Amino acid sequence: MDGKTANVEIESKKEVPAEALAAARHELGEHNGINMSIEASNTFTFKDSDAMNRAFLGEVGPKTGIYIYSRHLNPTTLNLGRQIAAMEGTETAYCTASGMSAISSVFLQLCNTGGHVVAAKTIYGGTHAMLTHFLPQKCNITTTFVDIVDLEEVDKAMIEGKTSVLYLEPISNPTLIVANIPELSKLAHAKGVKVVVDNTFSPMILSPAKLGADVVVHSISKYISGEADIIAGAVCGPADIVDQMRDLHGGPLMFLGPTMNPKLAFEISGRIPHLSMRMKKHCKRAMKYVTKMKELDPNLDVLYPGLKEHPQHSLLKSMSNKDYGFGGVFCIDMKTEGRACRLMDKLQNNTKFGFMGVSFGYYETLMTCSSRSTNSMMNSKEKESAGISPGLVRFSVGYVGTFEQKWSQFTKAYSEM
């Protein structure tokens with residue numbers, strides 16, 4: 001399969017994501033089918049014993065068409081990794097069984113026992129819980145949480161020689177705070193700290209590696225999948241880091257085994273070519289919703305970086321790739337948990353605007369009260385510090401139906417409040 005390619009692999013760092021994906025290596029099938037074949041084998045054979053010995057010594061590998069075991073590397077999942085690396089503008093990428101397995105593997109690669117992480121205080125609740133509870137208890141890795149917008153606070157929290165990772169989301173989940181990736185990367189690199197960015201909220205919109213980040217992680221389950229039917233993740237970055245992570249004799253990806261099924265990799269690979277179009281639809285409709293909502297009720301507390309009054313509106317505009325907008329997620333602060341739940345009940349059960357559910361990136365609109373769902377593992381003080389109010393409703397905007405149809409459904413439910 002390695003020899004049957006259309007196009008050649010090229011350097012993608014100077015291209016926008018859609019162009020890089022179009023120019024990347026296209027793996028053909030075993031009999032020259034236009035789609036790649038699925039390599040379902042979990043183990044591989046060798047032409048002779050010398051080749052086997054050299055493979056285990058790391059002298060030969062996928063570049064010469066040699067594989068050992070699919071927990072280490074598989075041709076089908078490796079090809080998906082090439083696509084995602086092209087999209088993110090990184091040297092390489094490794095696809096995993098979930099977003100959390102990608103994130104945890106990165107921490108275990110970059111941090112040693114007794115290590116220190118600086119992280120944005122507003123991030124996905126599962127990651128916050130891992131940094132707050134799991135890593136300190138199991139690995140003695142501690143975290144200082146900071147206001148990621150306050151560059152001085154971030155700089156002071158990073159301790160040269162001790163801090164290993166600065167971790168952030170470019171658009172925070174769920175409060176939609178925008179991080180200044182170029183400036184944060186400069187501060188971190190000045191102290192020898194690696195910058196790890198979870199770009200799950202903003203594939204195609206932002207290219208963190210081009211803005212200075214060292215490692216980019218994804219939950220493929222969200223926008224990249226697009227159909228809410230897959231659990232998967234990815235680690236993107238320079239070859240020296242990712243290769244160490246999947247090292248046969250010492251890498252966390254090899255020992256922890258967060259391996260993606262090659263049949264799943266094949267399916268995801270077929271969805272990436274239209275990710276660009278899907279993201280534009282999500283973002284365009286989100287912008288139309290929030291604009292109309294501010295007209296409907298000027299006192300409604302709407303959070304969305306596409307609004308000019310958002311404090312980081314100009315920052316996101318300066319960092320983002322052209323024509324993608326400001327993201328497919330917005331929030332409404334209904335002030336109390338009771339009002340948030342009433343609104344969601346009416347939107348789902350009365351007017352069919354969307355569905356109550358966690359996750360995002362689905363073609364239907366999903367809504368959740370973050371305080372009692374995706375960030376429920378944070379205590380009240382942590383939520384308050386992160387700006388997550390009890391009544392914050394997060395909307396992952398879908399694109400099915402006409403805008404007029406969906407807007408009518410929203411206004412009917414809102415009028416009943």
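**View 1. The chain splits into two domains.** Domain 1 covers 17–39 + 74–272, and domain 2 covers 274–416. These bounds come from an automatic or database domain assignment. The C-alpha centres of domain 1 and domain 2 lie 24 Å apart. This is a predicted model, in which local features need pLDDT of at least 70, side-chain atom pairs count only at pLDDT 80 or more, and totals for chains, interfaces and linings use all residues. Residues are numbered from 1 along each chain as its sequence is written, and side-chain values use heavy atoms, with hydrogens and water left out.

**View 2. Confidence along the chain.** pLDDT is the predictor's confidence in each residue, from 0 to 100. The chain averages 94, and 97% of the residues score at least 70. Residues 1–13 stay under 50. For that stretch the model has 39 contacts beyond four places in sequence. A contact means heavy atoms within 4.5 Å.

**View 3. Where the domains meet.** Here 42 residues of domain 1 are in contact with 42 residues of domain 2. Together the domains bury about 3400 Å², 66% of it on carbon and sulfur atoms. Buried area is the accessible area (1.4 Å probe) that two parts lose on being put together, summed over both. Leu 176, Ile 205 and Tyr 223 supply 22% of the area that domain 1 buries against domain 2, more than any other three residues.

View 4. A cis peptide bond joins Asn 173 and Pro 174, with omega about 10°. Pro 174 lies in the loop between β6 (163–168) and α7. Helices (H or I, at least four residues) and strands (E, at least two) are DSSP runs, numbered from the N terminus. Asn 140 is in the loop between α5 and β5 (142–146). Its phi is near 55°, a positive value in a residue other than glycine. Most residues other than glycine have a negative phi, and most peptide bonds are trans.
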